[in-house]
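Welcome! Please take a look at the model below, and then we will walk through it together.

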Amino acid sequence: MVSGGGSSDFNPSVPVKIFSAGAAGCVSDLVTFPLDTAKVRLQIQGESEPLVRGQRATYRGVFGTMFTIVRTEGARGLYNGLLAGLHRQMSFASVRVGLYDATKQFYGRGSESPSIATRLAAGCTTGAMAVAVAQPTDVVKVRFQAQVRLLRGGAATRYGGTLDAYRTIARDEGLRGLWKGCLPNIARNAIVNCCETVTYDVIKERILQYELMADNMPCHFTAAFGAGFCAAVAASPVDVIKTRYMNSAPGQYGGAIHCAFTMLLKEGPAAFYKGFMASFLRLGSWNIVMFMSYEQIKRGAARLHKSVQSSF
């Protein structure tokens, strides 16, 4: 990301950025995971049995969903799939955020002011690379977050733990099961990464260019909030399809496009924005925590690295 406001000598290496992005992603997941669980529950509601007129939905609203989960499953229910979520961030955020600057410089041939097209290409590239690496962790995370439906139906728990989930999916569905929904997830994360990383990069650059703020936490907060809002609006439909498809039983959908058409026919266009408020609250807060943590961890790690090198 662009640096400024007295940070001209601040130029962390690529490994430092990769580590910082992964660590910041984990911090952000720890803070915002309950919102993500609420989003998943709202998105899959009505998948098996579409709600009929007059029927009361199990989950109503973001905070109502969180309250229902705590009341029926305990507070731990909000963190179903957290371990897989942390696995995901260590591989996912490390690639899509940690490699963004290097990819942007590569596409821009070292330009100090790369074009928007160059930044979008870099965001799409690192987003797709991250999905290719981290997709199995995302599948396991979604399965755990949605697992309560089976418990309420009286069936046994799908998976006994995170490692058991990886083994069970690979055994029952093949290795392809761990990459289920990879194409819609690539589409989603190409959109999300452009909206999050590129929007953050551009907003921060403009703030520093016009000297509206220094390169500090208020600047990072403002840029991250804008990035989260753009990401929620653009990515929500693809996110719902991705969640439904990854959580589906084998053979339920012929593919992501079939899943989308099924949703449209059975539940209407509004189904694509199920859980939108949870998605916005989650993406907004996730981006704020993520990018503010990333900037601080990156600087701390760079200073530590520099001091270690100077001591030898």
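Which residue forms a salt bridge with Arg171? The partner is Asp172, with the closest N and O atoms 3.1 Å apart; a salt bridge here is a side-chain nitrogen of Lys or Arg within 4 Å of a carboxyl oxygen of Asp or Glu. Arg171 and Asp172 are both exposed, where exposed means over 50% relative accessible area, buried under 20%, and partly exposed in between (1.4 Å probe, protein chains only).

A word on the background: this is a predicted model, in which local features need pLDDT of at least 70 and side-chain atom pairs count only at pLDDT 80 or more, while totals for chains, interfaces and linings use all residues. Residues are numbered from 1 along each chain as its sequence is written, and side-chain values use heavy atoms, leaving out hydrogens and water.

Now for the whole chain. You will find 12 helices and zero strands, assigned as DSSP runs (helices: H or I, at least four residues; strands: E, at least two) and numbered from the N terminus. Of the 312 residues, 54% are buried.

The whole structure holds 20 salt bridges. One of them joins Lys104 and Asp201, with 2.9 Å between the closest N and O atoms. Lys104 sits in helix H4 (residues 100–107) and Asp201 in helix H9 (residues 182–209), so this pair ties together parts 97 residues apart in sequence. Both residues are buried. They also belong to a network of salt bridges that links Lys17, Asp101, Lys104, Arg119, Asp201, Glu205 and Arg206.

Another salt bridge brings together Glu173 and Arg143 (3.1 Å, N to O). Glu173 is partly exposed at 24% relative accessible area, whereas Arg143 is buried at 1%.
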